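Please look through the chain and its fold before reading on. The report below takes up surface, charge pairing and separation in turn.

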Amino acid sequence: MSDARQETARQLALDYHEFPRPGKLEVRATKPLATGRDLARAYSPGVAEACLEIKADPANAARFTSRGNLVGVVSNGSAVLGLGNIGGLASKPVMEGKAVLFKRFANIDCFDIELEESDPEKLAEIICALEPTFGAINLEDIKAPDCFIVERICRERMNIPVFHDDQHGTAIVVGAAATNALHVAGKRFEDIKIVSTGGGAAGIACLNMLLKLGVQRENVWLCDIHGLVHEGREIDMNPQKAAYAQASDKRDLDEVIDGADLFLGLSGPNVLTPEMVKRMNAQPIIFALANPAPEIMPDLARSVAPDAIIATGRSDFPNQVNNVLCFPFIFRGALDVGASEINDAMQLACIDGIAQLARSATSAEAAAAYQGEAMTFGPDYLIPKAFDPRLMGVVATAVAQAAMESGVAARPIENLEQYRSKLDASVFRTALIMRPVFDAARQASRRIVFAEGEDERVLRAANAILEETTEVPILIGRPDVVATRCERAGLPIRPNRDFELVNPEDDPRYRDYWETYHQLMERRGVTPDIARAVMRTNTTAIGAVMVHRGEADSLICGTFGQFLWHLKYVTQLLTTEKLRPVGALSLILQSEGNLFLADTQVHPEPTPLQIAETAIGAARHAKRFGVVPKVALCSHSQFGNLDTESGRRMREAMAILDANSPDFDYEGEMSVDAALDPDLRARIFPHSRFGGAANVLVFASADTASGIRNMLKMRAGGLEVGPILMGMGNRAHVVTPSITPRGLLNMSAIAGTPVAHYG
């Protein structure tokens, strides 16, 4: 990197930390403090009640305080990665960063605590005194061998988990990577020779973990800056290093590297040379984890060993050994069961969870975060990516189960499956509200045809459908393209083995399809030649014909192209006397509350009857999600105060609803703020038909509904489920190009629910 680019990067990093306000953390209240009553409960006299409950039973601290979800990140800054002994104050940006990672990846709250204390025993005493504050302690960046002393004392004296991430976090991720590297190489822990460089905290912890995984002690050769750790050596020794001393007359890395299966480097740059790699065993496993410059660059290692399996600590190479794969989730599981420690069983469970996750199909979310990278299990994909959202559910659940089985859980979880679902719901924001829909969908096995079967999002959704539902995906696409994209995406599914594939270029039903289409459309200007062309090129029309013929139960289309273009073919081929598009409904998930919005797509300027039908359909669909609908008919006019065109249509729609006596609450016409703010509504219209905030908003134009939908998604962080095409009896749904694989999975569950379950 040029000097100018380095200076720019440096300034950008400094600006990131300084603006718009210094640092990376803040403290926010979780309870209201707006009135005298709030103050009396939060502090004196109400706070005394919580204090007395905790005094009577210390376990109540997890009920009445944040302690059960609070981790202390503690350091004296004596061994900050890449910076050395910079002291507690200078290490604060690192510790704040660690706290941010806890919050981002596992929703764990943190206080970072930096201490100016170099004596390990005194440091341990200070940390032990913090036990009333925290549910767990994460030790960070404390030099060896002091870190061993500090951790030992804290573990002996404290009844909460104490975890030195530099040691055990690294060891766990290395253990998972090594497990899968050996799987790829066809080797066993019991048989391999390991040569390691670096006798610090992380290096020793990694070796200790590899022994627990089955490596034989006599097959471990540890080198440091002074050469081989051997029996009789006195310089720079401690009990942790001495445990790996070899009875040998060899003295340096060059002498011990012959026949090694695994090189484990936690030392410094350029320690391992290509000549040394040549003398390792076939398909050598090289973990060059020094950062930022590894012990050997991957291209150099592969220049002499093309089959080498390589991991580094860097994000710009495959197989980054990153502690963030471990520490947020092992603490999550430990905190949730009230573990008194993080023991070997929990760490091994963490390793197993991480390793198994890499061997399964890659998540769509991780693929989106790492576009362009190969994410198929193998030499270049040994461990999951940090942004794989499945880590939370898989790893934390495995850790919690191991804590319970090993007897260190003070608050055992009765139903681990529900616990994992809860964790997944905290990551996949749609999981919780979609649960009733998925439960209903599992009661039937419906055939869902996807018009854009070559789209990677559709392929990932199909894989998830096969894993998580009883539905049968049918994809429309060219076989060679679909197979290639499945392989490139790291998906195990293949066409005509795991799912039916309709090839628009060569399907034996082609004649039947174009004749069906022609029969339906011949009096609307479609000639046989046009019908033949459409059935070769228009996958939405092909999918609609399949549903019409009973070869599929529902069509999902629209991952590219314009909504109304797709809707045209759905309307032409699938409407009946009873079924016709009523409106498009979008569910927007927000932290402030979920909202259903309609009609976002179908009717540009709906008539009063169409508005009333949209309200009825939206209320019916809200019930599918377990939501009691409160429908607001929204316009600029507020309870008749403006004689506008939209207000008149809304008033007429209200009259239609009144005449039909629907079984849900509705009110209007009103502005959006009155719909969402019951206090405002009570002031301007005291006799409203329902209390509380509306959760279904029906608008007088598609422009308004769609505009609010996009604003909530793009500026307010809302997440969309939908759009759901109402009125078609689940025969078709037209999505939008912004939909994600998770969104397609959700839509398949909606399409997979028989109408009888929500009619």
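What follows is a short report on selected side chains and their surroundings.

## Basis of the model

The model is a predicted one, in which local features need pLDDT of at least 70 and side-chain atom pairs count only at pLDDT 80 or more, while totals for chains, interfaces and linings use all residues. Residues are numbered from 1 along each chain as its sequence is written, and side-chain values rest on heavy atoms, with hydrogens and water left out.

## A nonpolar surface patch

On the surface, L33, L39, Y43 and V47 make up a nonpolar patch whose accessible area together is about 420 Å². Such areas come from the Shrake-Rupley method with a 1.4 Å probe, and for residues only the protein chains shown count as cover. Patches consist of residues with over 30% relative accessible area and no salt bridge, like charges being joined within 9 Å and nonpolar side chains (Val, Leu, Ile, Met, Phe, Trp, Tyr) within 5 Å.

## Salt bridges

Side chains of opposite charge can pair when their charged atoms come close. The structure holds 44 salt bridges, each being a side-chain nitrogen of Lys or Arg within 4 Å of a carboxyl oxygen of Asp or Glu. One of them joins D224 to R233, with 2.6 Å between the closest N and O atoms; D224 is buried at 14% relative accessibility, and R233 is likewise buried, at 10%.

A further salt bridge connects R649 with E605 at 3.0 Å, N to O. This pair links distant parts of the chain, since R649 lies in helix α28 (residues 645-660) and E605 in the loop between β16 (595-598) and α27 (608-624), 44 residues apart. R649 has a relative accessible area of 8% and is therefore buried.

E551 and R549 also form a salt bridge, their closest N and O atoms lying 3.0 Å apart, and R549 is partly exposed at 32% relative accessibility. Both residues belong to a network of salt bridges that links E500, D507, R509, R549 and E551.

## Separation of A90 and E49

A90 is found in helix α5 (residues 87-90) and is partly exposed, at 42% relative accessibility. From C-alpha to C-alpha, A90 and E49 are 40 Å apart in space, with a sequence separation of 41 residues.

How values were computed:
Buried < 20%, exposed > 50% of the residue type's maximum accessible area, 1.4 Å probe, protein only. Helix = DSSP H or I, 4+ residues; strand = E, 2+ residues; numbered from the N terminus.
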